[in-house]
Every structure is written in structure tokens, then in C-alpha cells.
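Let's walk through this one together, a question at a time. Here are the sequence and the structure.

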Amino acid sequence: MKNILMLLVVGGMGCSLLAQENKSQEYVKKVLENTEVELLYSYYNQDGTHASVTGGEGTEQLTDMTPTIVVSIPVGENNVLTLDAGLSAYTSASSSNINPFDGRNPASPWIESSGASRSDVLSYVHPSFSHSSKDRNNILSVNAALSNEFDYNSIGFGGGYTRLMNDKNTELGVSGQVYLDKYNPQYPIELRSGFTGSFGSSITGNGTYTPQFVPFAQLKRNSYSGSLTLSQIFTKKFQASLSMDFVFQEGLLSTPHQRVYFADKGDFFIEDFQLADDAERLPFNRYKLPIGARISYAFNEAVTFRGYMRYYYDTWGINSTTASVEIPIKISDKFTVYPMYRYYVQTASKYFFPKDVALSTDLYYTSDYDLSAFNAHQYGFGISYKDIFTTAKIWKIGLKSIDFRFNHYERSTDLKANIFGLGFKFIVE
Amino acid sequence: MKKIMLCVLGLLSFTSCVAVREYEKVSLNDEEMKLSSKDLERFETNFQIYREGSAGGNGGKTGGGCGCN
């Protein structure tokens with residue numbers, strides 16, 4: 001977190017200097033008039049019965065809180081530097097069961113353990129810089145991404161180019177992104193060396209517990225993506241966009257702490273907890289092709305329709321369709337409410353098996369229900385307050401907007417979740 | 001795939017004949033008309049990337065950068 005704060009301070013000082021150098025030039029309307037600061041926060045909780053850490057059966061209780069700050073700083077007339085930094089702090093009952101034998105609670109996939117893997121914090125910083133041409137028809141951008149959590153770290157970078165044409169009625173964008181990630185695997189406790197020596201006398205079952213597990217040799221995961229976006233204004237009240245991504249991932253795409261139980265192997269337990277036959281094994285590459293379309297239509301000054309559709313295909317056998325609508329309704333000059341609904345459906349990955357169905361002779365297998373066949377409904381509402389004149393001021397900081405969103409999510413595989421989001425946007429004059 | 005190509009061609013065919021002037025874009029410039037996710041939507045997109053097998057096609061992450069898909 002210290003590094004993130006340092007980046008914000010140094011970035012801000014550098015931008016102030018650059019801004020002063022440009023004061024003598026002739027006046028051009030800036031891409032961004034003032035520094036903007038956004039403070040965002042979300043709270044997420046979920047519960048379900050198909051935890052992947054415990055092989056597709058067990059509690060999925062999880063809570064996650066994410067304080068985030070986004071600072072956008074104008075640099076001269078044509079450039080904007082953005083620093084996006086935040087935390088994601090979670091506690092997870094299923095992750096706690098990487099080691100369910102804490103000696104305090106009975107070992108069970110339905111009971112949270114008090115071990116170290118019960119909680120973790122992901123911290124990240126995403127700096128980005130964009131440059132617009134004087135006629136504002138060409139925009140170049142570059143970005144970087146750094147994130148870290150106990151068992152995972154990532155470095156990313158990317159860039160993009162956007163061209164506006166036809167009196168800014170048409171927009172064509174291309175971009176690319178690379179993530180270079182690395183796992184610090186936390187295998188289920190029973191798959192670690194020395195386990196049977198310590199717990200051997202507590203194991204129940206027919207025969208001797210001999211899991212098939214071999215630690216992963218490859219711990220890196222690289223992701224490469226290219227995107228193409230086309231937006232078009234059709235009328236004074238209607239516009240649409242189409243975006244297509246092409247994604248290639250290679251390396252360790254399995255999650256090392258997710259257990260799998262085989263149909264052709266004996267079952268072994270300590271208390272009520274079944275010991276893993278292996279960790280999930282997934283192919284070392286994956287191609288993804290998502291194609292999304294958005295439309296927005298203004299019925300009148302008060303009511304707008306926002307729609308989104310996506311089709312997704314990947315080489316693991318998942319095909320999915322997403323459709324969502326949001327209808328913002330202005331109830332006064334400053335307040336807008338918006339009900340929203342999202343529907344999602346996917347086919348199962350060809351490597352997905354429910355608990356005790358995969359065979360030890362299979363090459364790839366997982367019991368992660370996120371890769372199973374399901375459909376999901378998400379519905380909620382949002383309220384936003386906007387004051388373009390920023391009349392509420394403290395010193396040189398004016399409040400521009402406040403946003404709140406709430407959504408409830410229900411998956412056909414027993415998972416339920418709620419998510420709240422709260423955001424404040426300030427202008428620094 | 002044919003449907004997608006038709007959509008792209010449909011969009012491209014409009015690029016040469018439609019020209020809404022800047023002063024006519026009052027409705028289009030409204031914050032609610034933006035053809036992108038809202039700032040707060042990032043958190044929903046993030047949990048969906050974890051809880052669903054697919055990602056991308058929405059201007060958000062397409063994979064990588066976290067232990068999700």
C-alpha cells in the first residue's frame with residue numbers, strides 16, 4: 001500500500017510540473033479540465049454448496065471488500081494520467097479448508113477452518129496514460145498493471161489506439177494487453193509431503209491413502225489479448241457498439257488448491273473431511289473469443305435504455321450468452337435511478353466432473369462449478385446523484401457525483417450472492 | 001459467426017451515411033448514454049469473472065491479473 005501511495009504522490013507532482021510548462025501556449029480546451037478523484041467501495045458476499053476447494057461439495061461462504069481510489073490528472077491540454085489503486089480483502093470458508101485440520105473445529109467441507117488461508121488481500125495499482133490529438137480524433141493510450149496476493153502475483157501492460165471519424169459519429173478502437181502472472185501454489189494440506197506421517201493414524205478408509213498428486217512444474221500463467229471495438233451513432237438518440245476480443249492464455253491454468261475426487265479410487269477421511277485424490281488438472285493453454293454489443297437509446301429527456309449482449313466461445317468447451325438491460329430514469333436534475341437485470345447461461349467445460357465422477361485415467365479434470373453448466377439471474381438497482389456545477393465544496397474540492405448500486409445474483413447451481421457498490425467523484429480545482 | 005459478420009457489416013454501412021452534428025448530440029452526450037460500463041460496474045464484472053467461466057467482450061478484463069479464469 002505504501003508503494004501505491006508513493007506512486008500517487010510522485011505522479012501528481014510530475015503532472016503539476018508538466019502542466020505549468022504548458023501555461024504559455026495558446027488556449028485549447030483540455031481533454032480533462034480538472035483533476036478528478038474517485039473513491040469507490042464495494043462489499044460482496046456469497047454462499048453456496050459446491051466449493052471447488054473441497055472438490056465440488058462444501059460451503060462457498062465468502063465476503064470481499066474492495067476500497068479503491070482512481071485519480072485522473074490532466075497533463076497539458078491533450079493528455080491524461082490515471083492512477084487506479086485498490087485492495088480486495090476477502091475471507092473465504094472454502095479457502096480456509098485448504099487446511100481443514102486446525103484442531104479447533106471438526107474437519108468438514110461444511111465448516112470453516114481457522115487456518116491462514118481463510119483470508120487474503122489482493123492489492124493492485126493500474127497506472128495509465130492517454131494522449132489525444134488536437135482535433136481529438138486520435139487517442140493513444142498505454143497502461144500497466146501490478147497486483148499481488150499471497151499465492152498470486154501479476155505484471156501487466158498494454159496499449160490502444162482509437163480513431164474517431166465521420167464528425168465523431170464513428171469510433172474505431174484497437175488495443176492489446178499482456179499479463180505475466182505467477183502462482184505461489186498452496187496445495188491442499190493432505191497433498192503436501194509429510195502429511196501421512198503426521199496424520200496417518202487419523203485416516204479412515206479401506207486400504208492405504210496414496211493420492212495421485214504430483215506438484216505442478218509450471219507455475220507461470222501468461223495471458224495475451226487483442227481487442228477491436230467499433231461504435232456508431234445512428235440518430236440523435238441512438239448509438240451502438242460492437243467489441244470483439246481474442247484471448248490466448250498459456251501456463252498454469254489450473255488452480256492448485258482445488259481438490260478432485262476420483263470415481264475409481266477409494267475414499268479416505270479424517271473426521272468428516274474426505275482427502276483429495278488430486279488437485280484439479282486443466283490444459284496448459286486456452287483460447288477465448290468473446291463478442292459483445294451495446295446499445296443505448298434515449299426515449300426522452302428522462303428515460304434511457306441501455307442494453308448489452310455477449311456471446312462467448314472458448315477451447316475448453318464453454319459457450320455462453322449474456323444479456324443485460326438497465327433503464328436509467330431521471331427523477332430530478334440531480335438524481336437518477338436505474339433498475340437493472342442480467343441473464344447469463346453457459347455450457348460446461350469438457351473437463352468438468354461433479355464430485356467422484358472423474359477417473360484417475362482422465363488427462364484433465366476439475367470439480368469447479370464455475371466451469372459447470374448453469375444459468376444465472378442478476379437483478380438490482382442503482383441511484384446516482386450528479387452535480388455538474390459541483391456546488392458542494394470543501395476548499396478546492398467539489399463533489400461531482402455519488403453513485404450507489406446493489407445487485408442480487410442467483411446461479412442455478414445453488415450459489416447466491418449480493419454486491420453493493422458506492423462511489424464518490426470529486427473535482428479538484 | 002454469420003450473424004456477427006452481418007452485425008459488423010451493418011454497423012460499417014452506417015458509418016458513411018450518418019452524421020449527427022455536435023450541437024445535435026445533447027442526448028448522446030448524457031452520462032447514461034455512454035457505450036461503456038459504469039465505474040461502479042467494475043466490481044460486478046470482477047466477481048462475474050471469478051464466478052463464471054467466461055470473460056471479456058465488455059471492455060473489462062479478459063483474463064489474467066488474478067487467480068480467476
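Q: How many bridges join strand β15 of chain A to β16(A)?
A: This is a predicted model, in which local features need pLDDT of at least 70, side-chain atom pairs count only at pLDDT 80 or more, and totals for chains, interfaces and linings use all residues. Residues are numbered from 1 along each chain as its sequence is written, with chains lettered from A and ligands numbered from 1 in the order in which they are written. Strands are DSSP runs of E, at least two residues, numbered from the N terminus, and two of them pair if DSSP finds at least two bridges between them. β15(A), residues 304-314, runs antiparallel to β16(A), and the number of bridges joining them is eight.

Q: Which residue takes a positive phi in the hairpin of β15(A) and β16(A)?
A: Four residues lie between the strands of this hairpin. The positive phi, near 95°, belongs to Gly317(A).

Q: What is the bridge partner of Thr321(A) in β18(A)?
A: β16(A) also pairs with β18(A), residues 335-346, in the antiparallel sense over seven bridges. In β18(A), its partner is Val345(A).

Q: Which residues form the uncovered face of β16(A)?
A: In a regular strand the side chains alternate between the two faces of the sheet. In β16(A), residues 319-326, the covered face holds Ser320(A), Thr322(A), Ser324(A) and Glu326(A). The uncovered face is Asn319(A), Thr321(A), Ala323(A) and Val325(A).

How values were computed:
A residue is buried if 20 or more other C-beta atoms lie within 10 Å of its own, exposed if 12 or fewer, and partly exposed in between; C-beta atoms are placed from the backbone.
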